[in-house]
Amino acid sequence: MRRAAAAARHVSAGDHTVRVGAAIGGRSHDEAAELAHAVDAMAEALQARLEAERRGTADIAHELRTPLTGLTTAAELLPPGRMTDIVQDRVKALRALVEDVLEVALLDTATERPALTDVALGDFTTRRTAAFAPDAQVHVHTGTVVATDPRRLERILANLLTNAVRHGRPPITVVVDGPRITVHDHGPGFPGHLLRDGPMRFRKGGDPATTGHGLGLTIAAGQAAVLGARLTFTNPPEGGALSTLDLPSVPDVS
């Protein structure tokens, strides 16, 4: 029963290769075997449902791309004016949302692999911060060169900085210390559900005025996992929201 409980915990943590029946030996025909069979059947059914939802999400996003391309072209041909600006802005937001949904669906497949190259982390972070959050302060305590995927790292930084600008308050401070990057704003902090459960798609804070779709931090966490990095979210005692990205000294690309 202890082996069965340990295997069930692995399944609940997201390891869908573990089966309770195999963990207890698979040869008994008692109540424990019946329980293992029931848990394994439930795990397989849930996995199949998740895969179907992922494929459905990706298919819907792909199907939306074609009409969105036509809509974008039509919006660009509208005569100048306030209503045209509003239409073009909403079309741009819808296009960005579809691309984000596609990226999340791709990350969910767990088949993404990083294209590694040497990156001078201090210089890289300074230049990207200037592009995504010009008013943020950057402090490079200890510069280092890491082997990582610059495109994915840029995506993580962009989403963390965009979240800090959109939902936090200045000053926004970015610190590079060895393979660690932190982004600290002085707003109301991360909502409790995010600290408890981690980023969840289409779930935002309790403020109805909050913009966005809850995908930015979900994508950042997914890209961090591809890099073998650790991304954590905390509300420090001094206030605000703190995102911490720990890149691996020796990248795990398996």
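Analyst: **The sheet and its surroundings**

Of the contacts in the chain with a separation of 6 or more, 62% are between residues 24 or more positions apart; a contact here means heavy atoms within 4.5 Å. The model is predicted, so local features need pLDDT of at least 70 and side-chain atom pairs count only at pLDDT 80 or more, while totals for chains, interfaces and linings use all residues. Residues are numbered from 1 along each chain as its sequence is written, and side-chain values use heavy atoms, with hydrogens and water left out.

The predictor's confidence in each residue is given by pLDDT, on a scale from 0 to 100. Its mean over the chain is 82, and 83% of the residues reach 70 or more. Residues 206–212 have pLDDT under 50 throughout, and the model has seven contacts for them beyond four places in sequence.

The chain contains eight helices and seven strands. These are DSSP runs numbered from the N terminus: H or I over at least four residues for helices, E over at least two for strands. Of the 254 residues, 37% count as buried; buried means under 20% relative accessible area, exposed over 50%, and partly exposed in between, with a 1.4 Å probe and protein chains only.

The part in question is an open sheet of five strands in the order β2-β4-β5-β7-β6, with mixed pairing. The edges are formed by β2 (137–142) and β6 (230–234); each has a single partner strand, so one side of each is left without a neighbour in the sheet. From one strand to the next, the twist averages 15 degrees. Two strands pair if DSSP finds at least two bridges between them. For β4 (residues 173–177) and β5, the pairing is antiparallel and extends over five bridges. Within this pairing, Asp177 stands opposite Arg180 in β5. Helix α6 packs on the sheet, where it touches β4, β5, β6 and β7, and its direction makes about 20 degrees with that of β5. For such angles, axes are lines fitted to C-alpha atoms, for helices over the stretch in contact, and the angles run from 0 to 180 degrees between N-to-C directions.

Arg180 also has a charged partner: Asp246 forms a salt bridge with Arg180, the closest N and O atoms being 2.6 Å apart. Asp246 lies in strand β7 (residues 241–246) and Arg180 in strand β5 (residues 180–185), so this pair links parts 66 residues apart in sequence. Arg180 has 40% relative accessibility and therefore counts as partly exposed. A salt bridge requires a side-chain nitrogen of Lys or Arg within 4 Å of a carboxyl oxygen of Asp or Glu. Side chains of opposite charge can pair when their charged atoms come close.

Arg128 and Glu154 form a salt bridge in which the closest N and O atoms are 2.7 Å apart. Arg128 belongs to helix α5 (residues 121–132) and Glu154 to helix α6 (residues 150–167), so the pair ties together parts 26 residues apart in sequence. Arg128 is buried at 19% relative accessibility, whereas Glu154 is partly exposed at 28%. Thr129 also lies in helix α5 and, at 1% relative accessibility, counts as buried. Beyond its neighbours within four places in sequence, Thr129 is in contact with Pro134, Ala136, Val138, Leu161 and Val174.

Leu195 is partly exposed, with a relative accessible area of 38%. Leaving aside neighbours within four places in sequence, Leu195 is in contact with Phe190, Phe233, Thr234 and Asn235. The C-alpha atoms of Leu195 and Phe233 are 6.4 Å apart in space, although the two residues are 38 apart in sequence. A further salt bridge joins Asp197 and Arg196, with the closest N and O atoms 3.3 Å apart. Asp197 is partly exposed, with a relative accessible area of 44%, whereas Arg196 is exposed, with 57%.

The axes of helix α4 (residues 82–108) and helix α8 (residues 216–226) come within 10 Å and cross at roughly 35 degrees. Among the residues in this packing, Asp100, Glu103, Val104 and Leu107 in α4 meet Thr218, Ile219, Gly222, Gln223 and Val226 in α8.
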